[in-house]
Amino acid sequence: MSKNKLDYKIDIYPVRILLNERWPRVFAAPKSKQPKHPLKIGIYTDLLKAFSEIDPVVLKAALGDYTSGPKYVEAMKPGAKRIGLDGKFDGIVVDSDVAHHKHRFYQQNKRYEERRREKFLKEHDTKLETGV
C-alpha cells in the first residue's frame, strides 16, 4: 500500500460493508444497532484467505476498527462465545481477552481526547491571534 494513512470513508468503511454483506451473522453493519459478537481468534487469517483482492493493511485496519468500538468491548465478557466466519462458535472469551480490549479501548479514547483537545487549543489560539 502506497498511502501512509488510511481514510475511513475511502478505505475502511467499504471493507466493513463488505464484511457485513458476506457474513451478516458474524459482522454487524457499520453504525448499526446490531450487537457485535466476539470474533474467533485467528479470524484475520481466515479473512486474508477469503479476500485475496483486498490489501492486507486495509483488511487489518477494518478488522481493527470493528473490534475497537464500545459495542465490541461490551461483548467481550468472560465466557462469551467467539464466532468464526462459518457462523459457528469457536472458542470462548477469557479474562485476559477482556482486559486487553478494555485497555485498548481506554488508550484509543485517551488519544482521541488528546487530539480533540489539541485541535481545540490550536483553533482557540488562532482566533486569539487573528482577533476573530
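The following questions and answers concern the predicted model of a single chain.

Me: What average pLDDT does the chain have?
Reply: The model is predicted, and confidence is given residue by residue as pLDDT. Of the residues, 92% score at least 70. The average pLDDT over the chain is 88.

Me: Which element of the chain has the lowest mean pLDDT?
Reply: Among the elements, strand β1 (residues 81-83) has the highest mean, 97. Where pLDDT is low, predicted coordinates should not be read in detail. The lowest mean, 78, belongs to helix α5 (residues 95-130).

Me: In what order do the elements of the chain run from the N terminus?
Reply: The secondary structure consists of five helices and two strands. Read from the N terminus on, the order is α-α-α-α-β-β-α.

Me: Is the chain more spread out or less spread out than a compact globule?
Reply: For 132 residues, the globule rule gives 14 Å. The radius of gyration of the chain is 18 Å, well over that value. The C-alpha atoms fill a box of roughly 60 × 35 × 25 Å along the principal axes. Because its radius of gyration is well over the rule, the chain is more spread out than a compact globule.

Me: What percentage of the residues in the chain is buried?
Reply: A residue counts as buried when its relative accessible area is under 20%. The accessible surface of the chain comes to about 9,200 Å², and carbon and sulfur atoms account for 56% of that surface. Of the 132 residues, the buried ones make up 32%.

Me: What share of the contacts with a separation of 6 or more comes from residues 24 or more positions apart?
Reply: A contact requires heavy atoms within 4.5 Å. Among contacts in the chain with a separation of 6 or more, residues 24 or more positions apart account for 56%.

Me: How far apart are the mean positions of the positive and negative charges?
Reply: The chain has 27 positive and 18 negative charges. Their mean positions are separated by 4 Å.

Me: Is K33 buried or exposed?
Reply: K33 is also placed in the loop between α1 and α2. The cut-off for an exposed residue is over 50% relative accessible area. At 83% relative accessibility, K33 is therefore exposed.

Me: What distance separates the C-alpha atoms of H100 and K33?
Reply: H100 lies in helix α5 and is partly exposed, because its relative accessibility is 47%. Along the chain, H100 and K33 are 67 residues apart. K33 and A99, 66 residues apart, have C-alpha atoms separated by 24 Å. For H100 and K33 the C-alpha separation is 24 Å.

Me: What distance separates the C-alpha atoms of E74 and P35?
Reply: E74 is part of helix α4 (residues 70-75). Its relative accessibility is 56%, so E74 counts as exposed. E74 and P35 are 39 residues apart along the chain, and their C-alpha atoms are separated by 9.3 Å.

Methods: Residues are numbered from 1 along each chain as its sequence is written. This is a predicted model: local features need pLDDT of at least 70, side-chain atom pairs count only at pLDDT 80 or more; totals for chains, interfaces and linings use all residues. Side-chain values use heavy atoms; hydrogens and water are left out. pLDDT is the predictor's confidence in each residue, from 0 to 100. Helices (H or I, at least four residues) and strands (E, at least two) are DSSP runs, numbered from the N terminus. The radius of gyration is taken over C-alpha atoms; the globule rule is 2.2 Å times the number of residues to the power 0.38. Buried means under 20% relative accessible area, exposed over 50%, partly exposed in between (1.4 Å probe, protein chains only). Accessible areas come from the Shrake-Rupley method with a 1.4 Å probe; for residues, only the protein chains shown count as cover. Lys and Arg count as positive and Asp and Glu as negative; His and the chain ends are not counted. The place of a charge is taken as NZ of Lys, CZ of Arg, CG of Asp or CD of Glu.
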